[in-house]
Amino acid sequence: MNRANPKAVLESIGLSDEPGGSGEVLESINPATGAPQGGIRAVTRDEYDARMAAALKRFDEWRMRPAPKRSDLVRRLGERLREHKDALGELVSLETGKIRAEGLGEVQEMIDICEFAVGLSRQLHGLTIASERPRHRLMEQWHPLGAVGIVTAFNFPVAVWSWNAALAAVCGDVSIWKPSPLTPLSSAAVQAICDRVAREHGAEGVFSLVPGGAHVGEWMCDDRRVPLLSFTGSTAVGRQVSSRVAARLGRSILELGGNNGVIVLDDADVDLAVRAITFGAVGTAGQRCTSTRRLFVQRGVARTLVDRLATAYRTVRIGDPLDPGVLMGPLITRAAVDRFTAAVAAVRAQGGKVFQGGRALDGPGNFVEPTIVLAPAHGAFPIAWEETFAPILYVFEIADLEEALRAHNAVAQGLSSAIFTDSMRAAEQFLSACGSDCGIANVNAGTSGAEIGGAFGGEKDTGGGRESGSDAWKAYMRRQTSTVNWGRELPLAQGIDFL
Ligand code: NAD
């Protein structure tokens, strides 16, 4: 199967000192073969505390470096990531089962966010506000927060870290990263690059890694030294994280599960829709938070669209994600295959019809078929209301946009959405206040594959967090409102007379 060897990839990156701890081994398993491919050790509680203390010591100095100077480190990190893009991308593929183009795309996202953060370092601006008092200046400024905890999911093992860490670094924060225990080598490789870059800039401790399982994430939830915890993962775990962090009045950024829908109206460009839906539903084997899971198609175009999707699905080569020509790799674990199989059984039990695919493939590796399901009414099909992290597309026939929007917005999640139509009115309605209720809403572009320039995140059970572009940086800083009196009087606000 895979010709690439993670050890060689790690050596090419220059990983000499293992950035893990001395706790239990976090083993990396290749999902395409089921074979172990190395691992790192988790941190113990003492090691966690030591890394946190070192990070906070660095914070005292780092927060006083001017932001454009802080960006020198991030610029260099981006350059190093570019140098190692092929190796890192391959490693991401080996651990997650993403095809090579997607592994490389993930590293490109890291490079992009570094570049974004470098520009941002000169734009961390506040406001000057008109004061009601004479000879007074009222203003707002933004200061670093401290140690930002970052907990990441398996499916974007490195990019999501970078969305947080690159912004946090230019904002003057230090970051402490607990990666998914399913992708230990990708995080170790990135940390090795960070360590080298930090040493070059006399900034050791700006980026720290604390590998481990759920319990390390729980330490971060309860740790008052972490004013902000950025959590990416399932809604079930995010709910626990959110309440634990809130119990100590900490802040969290929650990037949780999605259940993303595409609406296709009769007047849509079907070629575009087929390509976007196939990429959205089959890409990354349906394991993106933004994967397309529900399709609402208007009656006039339903048959054509579903037939064309099935034809496209049949051309998708499944196999070793590093083989050229393969478009779909494996699911992450055997348990994920079991969840796929259980969902297909639920489809049948709830009155759905498997139109294409539907089977788990014989091992080795966690392969399944990309699957299209013809669903009954949305309200009568509860399996479609859940996020099954697998390439299953549920197709609902709808009469019109109103019916599609009602069903689309009925689920608990609110991450990404799209409409395919040539009608300006329909597109604008979809984007309006009575349209899609998601954090991301696209017209004639699919649900997955967001650019880093926009703020990324979703509503409702997706958690409400925003990361990456636009003004997402504000979450990594604390806002201070300041009044400066440059006169010789002491007028009080609201005209209060006192003394
Ligand atoms: P998961 O919830 O199982 O794990 C995510 C992370 O949380 C891991 O690092 C895990 O070790 C840690 N964790 C587990 N229990 C914890 C606890 N009690 N306290 C603190 N940390 C804990 O998710 P996963 O299976 O790795 O990832 C898939 C899920 O992530 C999907 O639901 C997907 O939609 C979601 N996701 C969301 C986004 C987004 O931006 N909205 C991006 C990627 C993935």
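Which order do the strands of the open sheet of 5 strands have? I recorded β7-β6-β5-β8-β9, with parallel pairing.

**Basis.** I worked from a predicted model, in which local features need pLDDT of at least 70, side-chain atom pairs count only at pLDDT 80 or more, and totals for chains, interfaces and linings use all residues. Residues are numbered from 1 along each chain as its sequence is written, and side-chain values use heavy atoms, with hydrogens and water left out. I took helices (H or I, at least four residues) and strands (E, at least two) as DSSP runs, numbered from the N terminus.

I counted two strands as paired if DSSP finds at least two bridges between them. β7 (207-209) and β9 (251-255) stand at the edges with a single partner strand each, so one side of each is left without a neighbour in the sheet. I noted an average twist of 20 degrees from one strand to the next. Strand β5 (residues 147-151) runs parallel to strand β6 (residues 174-178), and 5 bridges join them. Opposite V151 I found K178 in β6.

**Helices on the sheet.** For angles I used axes fitted to C-alpha atoms, for helices over the stretch in contact; angles run from 0 to 180 degrees between N-to-C directions. Contact was taken as heavy atoms within 4.5 Å. Helix α8 (residues 214-222) lies across β5, β6 and β8 (228-232), at about 145 degrees to β6. Helix α9 (residues 235-247) lies across β8 and β9, at about 170 degrees to β9.

**Helix pair.** How far apart are the axes of α5 and α6? I noted 9 Å between the axes of helix α5 (residues 100-120) and helix α6 (residues 159-170), which pack at an angle of about 15 degrees. That makes α5 roughly parallel to α6 (angles under 35 degrees). From α5, the residues E106, E109, M110, I113, C114, F116, A117 and L120 meet A159, W161, S162, W163, A166, L167 and V170 in α6. I sorted the residues of this contact into 12 nonpolar, 1 polar and 2 charged; Ala, Val, Leu, Ile, Met, Phe, Trp, Tyr, Cys and Pro count as nonpolar, Asp, Glu, Lys and Arg as charged, and the others, Gly among them, as polar.

**Strand β10.** Is strand β10 (residues 260-264) mostly covered or uncovered? I found β10 mostly covered, with 5 of its 5 residues buried (under 20% relative accessible area, 1.4 Å probe, protein chains only). N260, V262 and V264 point one way from β10, G261 and I263 the other way. β10 runs parallel to strand β11 (residues 292-298), joined by 5 bridges. I263 has F296 as its bridge partner in β11.

Key: Angles under 35 degrees count as roughly parallel, over 145 as roughly antiparallel, 65 to 115 as roughly perpendicular and the rest as oblique. Buried means under 20% relative accessible area, exposed over 50%, partly exposed in between (1.4 Å probe, protein chains only).
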